[in-house]
Amino acid sequence: MKISYNWLKEYIYFYLSPQELADKLTNVGLVVADINPVDDDFCIEIEVTSNRPDCLGIIGIAREVGAIVGGDLHSPKTNLAHPTAENIKRVHVEVEEPILCPQYTALLINNITIEPSPDWMQKRLKCVGLRPVNNIVDITNFVMMETGQPLHAFDFDTLADQKILVRRALSGEEIVTINGARRALFQNMLVIADGKKPIAIAGIMGGKDTEVSESTRNILLECAQFEPRQVRRTSKELGIASDSSYRFERGTDPEGVNSASQRTAHLIRELAGGKIAGSIIDIRSARHEKKKITLRIEMLCKVLGVEIKVGVAVDILKRLQFVILNVVDNFIDVEVPSFRGDIYREIDLVEEIARVYGYDNIPTKTSIQVQSSLKNRYEIVEDCIHQSLIGLGFYEAKTFSIVDTSPLQSINLWDDKDGIDIANPLRHEESRLRTCLLPSLLQAKKYNMNHGVDQVRIFEIAKVYLAGNEKLPLEKTCLSAIADVDFYNLKGVVEALLSNLGIAAECEWIPYETSRSILLFKTGKVAQIKWDGNILGYLGESCESEFKPPPCMMELDMDLLMEKSNFIKKYKNLSLYPPVFRDLAIIVNEAYLWSDIQRCIKYTKINFLREINFFDVYRGKQIPAGKKSIAFNLCFQSPDRTLSSEEVDVELQAIIDSLQRTLNAELRKI
Amino acid sequence: MHKDLEDVKKTFQRDAGSVVVLKDAEFLKTKYLGRKGIISELMKVIPQLPQDQRALYGKEVNTLKCEITHFLDDMIGKVSSVASPETKKEIFDITLPGKHISIGKKHPLTQTIDEIKEVFARLGFEVTYGPEVETEHYNFEALNIPSDHPSRTDFDTFYIKNDVLLRSQTSTVQIRVMEKQQPPIRIIAPGRVYRPDTVDARHSFMFHQVEGLLVDENVSFADLKGILNQFIKTYFGKNVQTRFRPSFFPFTEPSAEVDISCSICKGKGCSVCSYSGWVEILGAGMVDPNVFKHVHYDAEKYTGFAFGMGIERITMMKYNINDIRLFYENDMRFLSQF
């Protein structure tokens, strides 16, 4: 809210420069965002938090200044206006919805003269950012800025049947508001209507047809209370926010209606020459009940961690215009002023005292009980993955969880369901929760390529969101990576990572292809990785043709990694006896895979074989078409003695025999 | 050792220190070990010495001679491999660049989260996580943000459907933890949050927060100031000034916003701190009794404080990053800088 420095001074004496004032206000919770000189005045822009509608009027700010510097408020002048007009026109006011409109007052003022408002008023309004219109409009705005209570003036002679009805809109009704926009109204909205049609959206904006104009002679001044939530709902639904709705939705002073109306009438009589016709019509369904709260000094000190004496607390509360009903021992009974709707509990009083006492004056305690904390499993696994991948040259990326609905972004490797849509997206580009991380990483790869970076090696740990039968979706944490390396390189990364995570058992690498996977991976160069019957993830070469050579990528189930990782380590004795190595190259049909060779060797009962290490596959001149040569190294070792060359040869021959028998393998000389 | 010999030894050590090329070493060899060198000069003194000192002196000169010889031979071996420009031999060029080995890095936002986690871990806080897709209960009601309340304006939210939304703050985790666990509680909860903000240099519809919560008997606002001060001094440096000022959050009372003195201008005022000298770094406050009511804690017995901070904001301040979008573009030239 913008206030004028000079205007503020009309309600409270203080000797503070604008900057000093700003610092003091900031320290009690009214953050000053900006100070700007305007002519001989200063416009001070204050960020008023949503719990403090009482500070949406300059008098409210003056009260806060009073609490800071001490001193009494000067209330604005109001001469009670007695009815003075001879021909009192009758106006009929009815409130059909007393809950939504707890108080409605109307005051008829005759024979006004529309003209520009006086310079001093225009200056004040301009300083706080309001555009002067004419004296009547300006006066209602002036009083709203002064008191925080919005008001509205209707051109009385335009009201059908001289009637005001506060009711819900009827189906099919509409209104043209003073800003010229035509609005369709709905039955859940509260309107002010005359005998025929809505003339204002209650608490939000008046209608064009009944607004004060050059030719207006008689006005009906509305000053009312509207239920905050109702105003907020309607304002949101219609997309109209006004200075009025801003205040009503935060809550106005339930005791402030009559005085604001009188203050307005006073100014209208003075500046527009009007005559008050009849007394104020005041329809009020409920009296405001003053809240009474007891503050325990013990609680105050316990929450704040500082000794505050009863006298100090009482003084602060008085300055904030709380009525002290009783002080017995360490209990203070107070009555809350009507404009402080935000205060209804003891803790609210604690905060009031704290902010005026000064947060700076509360000590900074440094004794805290010792408590140890341990990393949880997720953190341990995440750390291990970070360390492993970073060591292998990968950079961590972060991409958005909300994506578009394109086929590529709709890929879901984990189930058949579609992604979950956002009901109120800002843009199509961010309208669905993702089911796969890889499309986002591909985008990052593309972004880098377009910026001249060819070599990308990134990973991300983030969630995918899978629709299920529960109210909330399953949030599956995935580990995905994309890198400008070949399939076997990235496979090596996965194997190194699993080894670091203590996942010992070997994975199955299964050819994979679905209607969805072909949007991501090149056919024939993608594997589903299974581990102990569980799907661990997917790895393959990108099918994007614009990447040359194509990068490889993977997406793993991090929840599974977390479950299966094992950081318990046991030392195994180092063998005292030397290993014996033998290289072997065999020629087999293309159809036989490395896994077939491994399996064949494993099923051959070999006593001392410890490791099989692949090192080369060769197709070329000496190898017949449709066949390939595969070379590997075999390591033999005994835990309790040195193996003789003859012993190893016997085992090697057994392996060769088995390969020949099972895979029709041919031994190749190397 | 004889005084003269000691002097020679010292001089030699000084001379030896300035040897760079072969020539220098050869010069020293002549100077000390040559026919008219210093050592032979020392030998010449022997006959003039008293009888009883000759043997010892001779032995000492010999030892010194051996030392110098060894040292110079060694040195000649070393400096002669630093070849002079005229040499024809193939040279191993040790100044060629090393073979490129890539080592990755954590995302700068992860680094910030890790650093914050680390500071709070030392203060006994444990890390907890919560779901990103939440119900209104956890995102609003249990946090004392009723529907149609103006405070919801500060928490614009993406909805999935009625009552299901993307959390707009990590405070949701407070409720999830307190529902399951009795005090004492000391947790921090980092994670992604979402708000329908149009993306620009300062805003993003997705960003990261770290939430903290401490609940116990006799926890006061003074403790809140203490812990957060500890954190700020550890994380931002001992000389940083802090300012706690009253604010409003529906789930805390009293509430505070915490500013630190601007690191760019040292509090004098600059564009980074909007000429105020202060930069807002976190929101905090004593847990509102209404929040305790939702999780069935006795607000007479327990008090606590909560705090939250934006990771992007802190990271941008720390590295002087001027555009939040850089964090999600994943440009390798950006990621490799941190």
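How far does helix α8 (residues 257-272) of chain A reach from its first C-alpha to its last? The helix has 16 residues and reaches 21 Å, close to the 22 Å expected at 1.5 Å a residue (1.5 Å times one less than its number of residues). Helices here are DSSP runs of H or I with at least four residues, strands are runs of E with at least two, and both are numbered from the N terminus.

This is a predicted model, in which local features need pLDDT of at least 70 and side-chain atom pairs 80 or more, while totals for chains, interfaces and linings use all residues. Residues are numbered from 1 along each chain as written, chains are lettered from A and ligands numbered from 1 in the order written.

**Chain A overall**
- Chain A comes to 17 helices and 30 strands.
- With a radius of gyration of 40 Å, well over the 26 Å that the globule rule gives for 670 residues, chain A is more spread out than a compact globule (taken over C-alpha atoms; the rule is 2.2 Å times the number of residues to the power 0.38).
- Its C-alpha atoms fill a box of roughly 130 × 65 × 45 Å along the principal axes.

**Around α8(A)**
- Buried residues of α8(A) include A:Val257, A:Arg263 and A:Leu267 (20 or more other C-beta atoms within 10 Å of their own, with C-beta atoms placed from the backbone).
- Among the elements that cover them are β5 (103-110) and α5 (135-147) of chain A.
- After α8(A) comes A:Gly273, with a positive phi near 65°.

**Where the chains meet**
- The contact takes 72 residues from chain A and 65 from chain B (C-beta atoms, placed from the backbone, within 7 Å).
- On the chain B side, helix α8 (residues 221-236) of chain B gives the largest share, eight residues.

How values were computed: Contact = placed C-beta atoms within 7 Å. Buried ≥ 20, exposed ≤ 12 C-beta atoms within 10 Å, placed from the backbone.
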